[in-house]
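Subject: Structure for you to look at

Hello,

Here is the structure I said I would pass on.

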Amino acid sequence: MDNSFEILDLSSLGRNKTWVQKAFGDISKRSAAQQITIGGVSGWVSGFLFIKVTKAVVVTMGLSLVLIQVAQHQGYIKINYKAIQSEIKKTKDVINKEANRHYPGVVENAKRFLQKNMFLAGGFAGGFLIGVAF
């Protein structure tokens, strides 16, 4: 009996991969039909969840604005709109500066991804629109 075995080190295979890469592998190397299917299903789920979350956010913000306006009209609070506009402008500038510093080249990376995965992106866009419709 020969008891020699080959030992394979598989611990390095799963490192530095996202959960999507672990689940699907390199999607761009799959057939066009599989890419469209994966993109369509993920787009539909994203669109459906987007609408559900958006409705909840819109209702919450709308009720908050109505309550603030009622409180201001009744004299419970006084709103300094000039100070709010000034803070919004400062915050917008800080967000733009930090986004450009931390995420340079996001648009170029997105373009490259979309060009490499046209079927996936097309399927996602179609699925997203279908998900939004439901």
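This is a predicted model: local features need pLDDT of at least 70, side-chain atom pairs count only at pLDDT 80 or more; totals for chains, interfaces and linings use all residues.

V45 sits in helix α2. It also belongs to a nonpolar surface patch, together with V41, W44, L49, I130 and F134. The accessible area of these residues together is about 590 Å². Helix α2, residues 32–74, supplies 4 residues of the patch, the largest share.

Some residues of α2 are buried instead: Q35, I38, G39, G40, G43, G47, I51 and A71.

How far apart are the end C-alpha atoms of α2? They are 61 Å apart. The helix has 43 residues, and at 1.5 Å a residue it should span 63 Å, so the two values agree. After α2 comes G75, which has a positive phi, near 90°.

As for the whole protein, it has 5 helices and 0 strands, and the pattern along the sequence is α-α-α-α-α. Of its 134 residues, 11% are buried. The protein exposes about 11600 Å², and 66% of that comes from carbon and sulfur atoms. Among contacts with a separation of 6 or more, 67% are between residues 24 or more positions apart.

Regards

Key. Residues are numbered from 1 along each chain as its sequence is written. Side-chain values use heavy atoms; hydrogens and water are left out. Patches are made of residues with over 30% relative accessible area and no salt bridge: like charges are joined within 9 Å, nonpolar side chains (Val, Leu, Ile, Met, Phe, Trp, Tyr) within 5 Å. Accessible areas come from the Shrake-Rupley method with a 1.4 Å probe; for residues, only the protein chains shown count as cover. A salt bridge is a side-chain nitrogen of Lys or Arg within 4 Å of a carboxyl oxygen of Asp or Glu. Helices (H or I, at least four residues) and strands (E, at least two) are DSSP runs, numbered from the N terminus. The expected span of a helix is 1.5 Å times one less than its number of residues. Buried means under 20% relative accessible area, exposed over 50%, partly exposed in between (1.4 Å probe, protein chains only). Contact means heavy atoms within 4.5 Å.
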